[in-house]
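Please read this note with the model open beside you, and follow each point on the structure as you go.

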Amino acid sequence: MSDPVSADATASEIARAVAGGTVKATAVVDAALARIAASEPKVNAFTDIVADRARKRAAAVDAGGTHGPLAGVPFAVKNLFDIAGLSTRAGSKINNDLPAAERDAALVRRLEAAGAILVGGLNMGEYAYDFTGENAHYGPSRNPHDPTRMTGGSSGGSGAAVASGEVPLALGSDTNGSIRVPSALCGLFGLKPTYGRLSRAGSFPFVDAFDHLGPLARSAEDLALAFDAMQGPDPDDPVCTTRAAIPTLPLLHEGVGALRIGIAGDYFMQGAEPEALAVVEIAARALSAATEPVILPDAAAARAAAYVITAIEGAQLHLPRLKSRPQDFDPDTRERFMAGALLPGSWYVKAQRFRRRYREAVLKLFDDVDVILAPATPCSAPKLGQKMMTIGGVELPVRASLGMFTQPISFIGLPVAVAPMMHPGPMPYGVQIIAKPFNEQAVLRVAHWLQQQGIATADRGKL
Amino acid sequence: MPLLRLIGFTREVTCHFAQGEKAVAENKPDVGKLVDEAAKAIGLPIAPEYRDDVILNYQRSLAIVAPLLAVDLDDPLTPAPVYRP
């Protein structure tokens with residue numbers, strides 16, 4: 001059990017201590033704000049800090065005004081979430097000219113209704129079109145395990161803030177891997193829920209077909225705690241499911257004995273550093289996974305289709321800004337958006353038609369397994385500014401390749417948790433734990449079991 | 001046209017188009033010209049200092065999309081999105 005005001009405290013530990021009266025929410029929030037002030041020159045995770053708001057809210061929690069499962073837990077959100085009184089940057093310079101948000105995003109409101117306390121907005125890749133965590137306007141978020149390396153993105157600030165111990169919990173968005181890539185590269189647990197499970201109301205969009213929101217934390221229990229607080233229908237997001245919430249926390253400790261677990265083969269066993277594949281093997285062996293690999297058919301085509309839909313939908317969203325203010329875009333997104341605006345429409349329709357076939361084929365796999373394991377990234381965190389990398393003798397662009405294992409999963413909206421694995425060496429890797437739609441409970445149970453066994457560990461970066 | 005012949009015809013046409021897509025991907029179009037003309041068509045000015053990187057990204061897209069273009073899809077396979085009025 002960590003000291004609840006320390007950088008090592010998890011959200012669950014803080015909430016228990018605040019609820020039990022052993023620590024004040026104000027002390028927890030003051031300590032978090034002090035850590036943020038001390039760490040920011042090194043990690044550059046935050047773009048906005050709402051200290052006054054946080055202190056007021058903490059005082060209200062201490063006064064008994066708010067009770068809930070996350071009482072007193074400081075958290076921060078990727079700056080594409082609306083924060084009342086601030087312009088929603090979405091990692092851009094252009095959005096700073098937008099009027100300030102009138103109210104918080106739906107998930108911010110839900111976490112605060114559960115007692116959590118927002119302390120700020122987090123750095124991200126511009127308009128979420130990013131796997132690196134770099135940003136020309138605000139500087140790169142830096143990996144707390146090695147500040148010369150990338151956090152991964154686009155939820156780079158979310159990864160840096162939690163892995164440095166500034167806050168125990170952050171929210172990010174994941175369109176093609178933007179929660180899972182930074183979770184893996186920063187050594188964190190991350191959850192990309194089922195498409196439509198969590199409301200996206202009050203968040204700046206990127207690709208409606210794939211946009212998801214979810215939490216990053218240093219324990220699987222914290223993911224479950226936050227996820228349960230955020231579930232539920234929301235008419236403000238037309239994609240948000242009307243299914244009733246399925247709490248995950250009550251079954252988190254059930255173990256994994258009843259789950260049928262497989263490893264993704266073929267596409268997911270190629271094109272990666274040996275260590276990225278080795279951590280999947282380690283997790284699979286511990287979980288007694290089936291030795292026969294599970295083949296997701298046409299996974300390479302799925303990645304291509306996700307790429308096409310992203311490029312075209314994202315470019316269409318930003319086309320007016322590409323025409324009127326091209327000089328104000330981050331150079332690392334501008335030309336990609338421009339190229340996306342020119343791609344053939346027939347590619348887009350074929351990608352959507354293929355998505356239906358791929359979804360049907362992958363869902364059939366869950367007749368025989370409950371959970372599929374796969375690497376999260378093909379490598380550990382690249383150096384900041386690195387443009388190309390060599391894997392298996394093949395030179396690949398860093399920016400496009402970091403999501404090669406995450407894209408074929410979010411393409412069909414499956415729930416995925418990332419469990420962080422420290423391979424011998426200084427930098428972490430991640431394992432994707434994938435299940436059928438709305439089975440978040442299974443992926444969180446597996447992630448929690450791996451952490452309980454000491455196989456998955458979310459060590460704080462020692463800056 | 002009898003149903004079986006119609007199905008055969010449809011498959012031939014589908015196959016023909018699939019091969020055509022592959023051929024386009026393999027024939028290495030003049031991406032510079034393509035970018036210039038497509039940008040004109042949608043009214044997107046591309047400043048000279050951005051043009052090379054737009055072309056590079058378009059070329060990367062051509063490479064990345066290849067596995068999708070190689071897939072043959074049956075005609076009844078409609079797109080995944082469901083519009084609910």
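The numbered points below go through confidence, the second chain, the contact between the chains, and two places in the first chain.

1. This is a predicted model, in which local features need pLDDT of at least 70 and side-chain atom pairs count only at pLDDT 80 or more, while totals for chains, interfaces and linings use all residues. Residues are numbered from 1 along each chain as its sequence is written, and chains are lettered from A and ligands numbered from 1 in the order in which they are written.

2. For the complex, the predictor gives an ipTM of 0.91 and a pTM of 0.94. Chain B has a mean pLDDT of 77, with 64% of its residues at 70 or more; pLDDT is the predictor's confidence in each residue, from 0 to 100. Within chain B, confidence is lowest in helix α1 (residues 3–26), where the mean is 42, and highest in α2(B), at 98. Residues 1–21 of chain B have a pLDDT below 50, and this stretch has 8 contacts in the model beyond near neighbours in sequence.

3. Chain B contains 3 helices and 0 strands, and its elements run α-α-α from the N terminus on. Here helices (H or I, at least four residues) and strands (E, at least two) are DSSP runs, numbered from the N terminus. Of the 85 residues in chain B, 15% are buried; a residue counts as buried if 20 or more other C-beta atoms lie within 10 Å of its own, as exposed if 12 or fewer do, and as partly exposed in between, with C-beta atoms placed from the backbone.

4. How do the axes of α2(B) and α3(B) cross, and at roughly what angle? The axes of helix α2 (residues 31–42) and helix α3 (residues 48–69) of chain B come within 9 Å and cross at roughly 110°, which means that α2(B) is roughly perpendicular to α3(B). Axes are lines fitted to C-alpha atoms, for helices over the stretch in contact, and angles run from 0 to 180 degrees between N-to-C directions; angles under 35 degrees count as roughly parallel, over 145 as roughly antiparallel, 65 to 115 as roughly perpendicular and the rest as oblique. Val31(B), Gly32(B) and Val35(B) in α2(B) meet Val54(B), Ile55(B), Tyr58(B) and Gln59(B) in α3(B), and the residues of this contact divide into 5 nonpolar, 2 polar and no charged. Ala, Val, Leu, Ile, Met, Phe, Trp, Tyr, Cys and Pro count as nonpolar, Asp, Glu, Lys and Arg as charged, and the others, Gly among them, as polar.

5. The contact between the chains takes 33 residues from chain A and 27 residues from chain B, where two residues are in contact if their C-beta atoms, placed from the backbone, lie within 7 Å. On the side of chain A that touches chain B, α11(A) gives the most, with 11 residues, and by class that side has 21 nonpolar, 1 polar and 11 charged residues.

6. In chain A, 6 of the 7 residues of strand β13 (residues 416–422) are buried. Strands β7(A) and β13(A) run antiparallel and are joined by 3 bridges, and β13(A) and β14(A) also run antiparallel, joined by 7 bridges; two strands pair if DSSP finds at least two bridges between them.

7. Tyr267(A) lies in the loop between β9 (261–263) and α8 (274–286) of chain A. Tyr267(A) is buried because 21 other C-beta atoms lie within 10 Å.
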